[in-house]
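Hi everyone, thanks for coming. Let's walk through one model together, step by step.

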Amino acid sequence: MGTLCGPLNREEPKTVASYINTAQNAWNIQLLNHTFDEHIVKEILAIKLWPASTEHKLVWTETVDGQYTVNSAYHFIQKSEATQIVSCPSSSYITPSHLWKQIWKTKTAPKIRIFLWSLSHNAVPTNYNLFRRRITNDPFCILCSTHSPETTEHLFLQCPWTQHIWHHPNVQINVTAYATHCIDAWLTDISQQKGNVPDFETIAALLWQIWKARNHVIFRHHFTHPDQLVESALALTHLHITVQKQQSKQQPKTGKKSPNPNTTWLPPLQGMIKVNIYGAFPIAENLGAISSITRDHTGSLLGGFTKSVPATSALATEIQAFLYTLKDLLQQGKHHSDLIIETDCLILVEVINHERLPLWEDILPSFSNLKVHHCRRSANALADWAAKAHGRGSLSPTWASSPPPPLLDLICNEALLAGCTLFPT
Ligand SMILES: [Zn+2]
């Protein structure tokens, strides 16, 4: 078994064997999904694992019977050269070692670092790259009507759709001010800028989200609004940085990483249901938006709703988030389940636990086992995102049954950061 390329973090798997469940002689799909992009995972899963007791022997992979022939070697070399032409940037630009160091130290998920590494090698399978390898007949971009080949630089920098992302008020990068003829030169330039541009973690998250959004158009026929994409990237970056800071504080003391209940969402115990609620105020004059998100111990989304509510204060909005959640749970017949309602509004928790208000006095006795907990805002990121997205009108009414890509990403990331090993990937 080989060693994985790139100086990954200390706590991350470093060998191929780490990704194999030896007892079952099968790939550890959960860990693969945590580390690699979807299309790489598919390729890895296509590799058949042989029982550990099988005798090892050298085989030549370019012939059917595994025997070396000069003819097959000639074709192999020709094929390799053709691939190299595609995978090298078009210019004579030599990527400085600074960029590789920057990529591997980026505070983000391992799979995003590996994606950046592939991107810098122009090895991401864009339509143009696939066309050059004769895998597809269509080299064009599907995100715009410019009939441009979907090169790496077009997709991630120059496409009119992508330009909306770089011009977003919370990003504001004038990509044309940098070398955009090859992506690694652009990444090198941008990683050395200080002050006026977002940090490298945010840029990594934006590039990753662009790739995912492009794939959603192709494979799910779902078009992501650039504003949604930016929000999702910023939320993910915040989440990763918060978690990593917390982990690095903990590691010297405990020697192992574990999700911090103060800063990250934690799943309920098996058999319990956790509902995160949030009230965004104001979204318009005397109007707030509420959200309620229900998940189980695997981190899977069980349901949820968002709603505009008349309100005159943030607390009034939070109270309505709580009341509508109780009504929703009752309607769904979940009032006899073991329930935790979690909010980042501390006053709301104190009011609920200490004040006997008629608002909920009528409805609370219907619940057999309900607890109301306080959490930090960073542990309530999903409900926060959903309420605000509803407030902007950018959330479809069917989001709970068919979550849009940014929401799906947040759900997956929170589950993985919380260590939900059973989370369906
Ligand atoms: Zn385009």
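I'll talk about confidence, then a sheet, then a pair of helices.

First, some ground rules. This is a predicted model, in which local features need pLDDT of at least 70 and side-chain atom pairs count only at pLDDT 80 or more, while totals for chains, interfaces and linings use all residues. Residues are numbered from 1 along each chain as its sequence is written.

How confident is the predictor? pLDDT is its confidence in each residue, from 0 to 100. The chain has a mean pLDDT of 81, with 85% of its residues at 70 or more. Confidence is lowest in helix α3 (residues 70–87), with a mean of 58, and highest in β6, at 96. Those labels come from DSSP runs: helices are H or I with at least four residues, strands are E with at least two, and both are numbered from the N terminus. Please be careful with residues 81–91, where the pLDDT is below 50.

Now, the sheet. What is the order of the strands in this open sheet? There are 5 strands, ordered β5-β4-β3-β6-β7, and the pairing is mixed. The edge strands, β5 (301–310) and β7 (369–374), each pair on one side only. From one strand to the next, the twist averages 20°. Two strands count as paired if DSSP finds at least two bridges between them.

Let's look at one pair. Strand β4 (residues 287–295) runs antiparallel to β5, and the two share 9 bridges. L287 has P310 of β5 as its bridge partner, and T294 has G303 of β5. The hairpin of β4 and β5 has 5 residues between the strands, and there G299 takes a positive phi near 85°.

Finally, the helices. Helix α4 (residues 97–105) packs against helix α5 (residues 110–120) at an angle of about 160°, with the axes 8 Å apart. Axes are lines fitted to C-alpha atoms, for helices over the stretch in contact, and angles run from 0 to 180 degrees between N-to-C directions. So α4 and α5 are roughly antiparallel to each other, a label for angles over 145 degrees.

Which residues of α4 and α5 make the contact? On α4 they are L99, I103 and W104, and on α5 they are R113, L116, W117 and S120. Here, contact means that C-beta atoms, placed from the backbone, lie within 7 Å.

Methods. Angles under 35 degrees count as roughly parallel, over 145 as roughly antiparallel, 65 to 115 as roughly perpendicular and the rest as oblique. Two residues are in contact if their C-beta atoms, placed from the backbone, lie within 7 Å. pLDDT is the predictor's confidence in each residue, from 0 to 100.
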